[in-house]
Amino acid sequence: MTKQHANWSPYDNNGGTCVAIAGSDYCVIAADTRMSTGYSILTRDYSKIHKLADKAVLSSSGFQADVKALQKVLTSRHLVYQHQHNKQMSCPAMAQLLSNTLYFKRFFPYYAFNVLGGLDENGKGCVFTYDAVGSYEKVGYSAQGSGSTLIMPFLDNQLKSPSPLLLPAQDAITPLSEPEAVDLVKTVFASATERDIYTGDKLEIMILKADGIKTEVMDLRKD
Amino acid sequence: MKLDTSGFETSMPTIGFGSSNDMLDGFSTVPSFDLPRTTDFDGFQKEAVQMVKPAKGTTTLAFIFKEGVMVAADSRASMGGYISSQSVKKIIEINPYMLGTMAGGAADCQFWHRNLGIKCRLHELANKRRISVSGASKLLANMLYSYRGMGLSVGTMIAGWDETGPGLYYVDNEGGRLKGDRFSVGSGSPYAYGVLDSGYKFDMSVEEASELARRSIYHATFRDGASGGVASVYHVGPNGWTKLSGDDVGELHYHYYPVPPAIAEQVMEEAAAE
C-alpha cells in the first residue's frame with residue numbers, strides 16, 4: 001500500500017525579486033511589488049521592503065506570510081534592544097540577529113529569502129545575503145527571489161569586486177555613485193521583468209544614506 | 001551520560017525572543033527548536049531540506065605537521081546547480097587559537113560553530129583556562145549527536161593548538177568524532193587527498209606545507225564542479241592562527257600552468273629560415 005502523503009503544504013511561494021547594492025556612503029534596496037500564487041496575481045501593490053532600524057532595511061521574497069511573521073519578530077526584538085541599550089541596532093548586529101532568528105526555525109524554516117541592506121558604524125554601505133535557514137555573508141551586492149538567477153550574473157559582470165577572502169583583504173563596496181547604482185537597479189529589474197513571470201508591476205527603491213531614507217517608485221511591465 | 005533530548009521538545013523555548021534576563025542561559029543549555037506538527041517528520045524534513053537546498057559541495061582539508069596545523073578550504077557555495085556564492089568563509093575562527101572548517105549545510109555549520117565559540121569562551125571564564133581542542137571538539141560532537149537523525153548536515157574539522165600541542169579532530173552530523181593527522185572533507189576531498197597524501201611529509205616548513213595545502217585545494221576545485229572561488233590557507237601555531245594566503249583559483253591555474261607565448265610565430269620563423 002502506497003504511503004499517504006499530505007495534500008496540504010504549510011508553504012506557498014509568492015514570488016518576487018529583491019536586490020540590494022552597497023556603496024561607499026549609501027545603500028540601495030529594491031524589490032518589485034507583485035505578489036503571486038501559482039499563475040495568479042494576488043496584488044500588484046505589495047511592498048517587500050521593511051525598515052527594521054534607521055540603518056537597517058530588510059527585503060525578502062518567498063512566502064510572504066512567513067516574511068511578515070519574521071518582520072514582526074525582528075521589529076519586536078529591536079524594540080526590546082532599544083529599551084535595553086538606549087540606541088538603535090547597527091546593521092551588522094541586525095544581520096546576526098536575523099541569522100539566529102532564521103536558524104531557530106531550522107526544523108520548520110521560514111520560507112523567506114532575505115537581503116538586509118544598510119549602513120555600518122562607519123557610514124559605509126553594507127549588504128548581507130541569507131539563505132532560508134540563516135547562513136549569511138556580507139557582500140557588496142545581492143539578488144534573491146525568483147529573478148535572482150537572471151539578475152546576479154549581470155550584477156557580477158557590472159559590479160564584481162575582489163573577493164573579501166583574498167589576501168591582502170580588499171573592500172567589497174562598489175565604486176559606483178548613488179545615481180549610477182539606482183540606474184543599474186532599474187535596468188536590472190526591467191530586464192528581469194521581461195523573462196520572469198513572477199517579477200513585474202512596480203519597482204520600489206529605497207536609498208539609505210546617513211541623512212535619511214528616500215523612496216522611489218518606478219513602473220514595470222504588468223503582463 | 002544523559003542524552004540531550006531537549007531538541008525534540010515542542011514546548012516554547014524558555015529563552016524565548018525578547019526575554020531580558022539570562023540571555024546566556026539559552027546557550028549554556030540546548031536551544032529548543034520549533035518543530036512542525038506532522039505525523040511524517042522525516043518526510044517533512046526531506047521536503048524542507050529540498051526546499052532550502054543548503055549549500056553542499058566543497059573542499060576543505062587540514063593536516064598536522066612539524067610546525068603545527070595547516071587548514072585550507074575553497075569558497076564556493078552551491079544550491080543545486082546554481083552557485084549561490086563564490087566568497088563564503090569556510091574557515092571559521094572560533095577563537096584566536098582554534099579554527100573550524102565548514103562542509104555541508106552552510107547555516108548549520110555557521111550556527112553551531114558560533115555556538116561552540118560561545119561555549120569555549122564560557123569554559124574559559126568558568127575554569128580560568130583555555131579549553132583543549134579535544135574538549136571543544138567533544139562539545140560540538142555531543143551537541144550534534146543529540147540532533148542525530150534530524151537532518152543537520154555538518155562535516156567539520158576542529159584544528160587548534162592547546163597545552164598538548166597541535167590538535168586536529170573531524171566531527172560530523174552523525175555525532176562521529178575522529179582524532180587524526182590528515183583530513184579532507186567535502187565533494188572535492190578525493191582530489192585533495194590525492195595531492196595531499198602524495199606530497200605530505202611530517203618534516204615540512206610552513207612555506208612548503210602552505211604550498212601543499214594550496215595546491216591540494218586548487219586541484220580539487222579544478223576537477224570538482226561544486227568547489228571553486230578562493231583558496232584560503234591558514235596556519236595554527238603555538239601563538240594562535242594566522243591567515244597565510246587567499247588566492248583566486250582561476251588565477252592560480254595560470255600560476256601553475258602558465259600559457260606558453262604564442263607558438264605560431266615561432267613555427268613561421270623556422271620555415272622562413274630553411
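Student: How many aromatic pairs are there over all chains, and what makes two rings a pair?

Tutor: The count comes to 18 aromatic pairs. Rings of Phe, Tyr and Trp (its six-membered ring) pair if their centres lie within 6.5 Å; planes under 30 degrees apart are stacked, over 60 edge-to-face, and the rest tilted. This is a predicted model, where local features need pLDDT of at least 70 and side-chain atom pairs pLDDT 80 or more, while totals for chains, interfaces and linings use all residues. Residues are numbered from 1 along each chain, chains are lettered from A and ligands numbered from 1 as written, and side-chain values use heavy atoms, without hydrogens and water.

Student: Why is the pair of Tyr218(B) and Phe222(B) called tilted?

Tutor: The centres are 6.0 Å apart and the planes stand at 35°, so the pair is tilted.

Student: How do you know whether Tyr218(B) is buried or exposed?

Tutor: Buried means under 20% relative accessible area, exposed over 50%, and partly exposed in between (1.4 Å probe, protein chains only). Tyr218(B) has 2%, so Tyr218(B) is buried; Phe222(B), at 46%, is partly exposed.

Student: What makes Arg106(A) and Asp108(B) a salt bridge?

Tutor: The term needs a side-chain nitrogen of Lys or Arg within 4 Å of a carboxyl oxygen of Asp or Glu. Here N to O is 2.5 Å, and the side chains meet in a salt bridge. The count between chain A and chain B is 1 salt bridge.

Student: Why do you say that the charged end of Arg182(B) sits over the ring of Tyr200(B)?

Tutor: That takes NZ of Lys or CZ of Arg within 6 Å of the ring centre and within 35 degrees of the ring normal. Arg182(B) sits over the ring, 4.5 Å from its centre.
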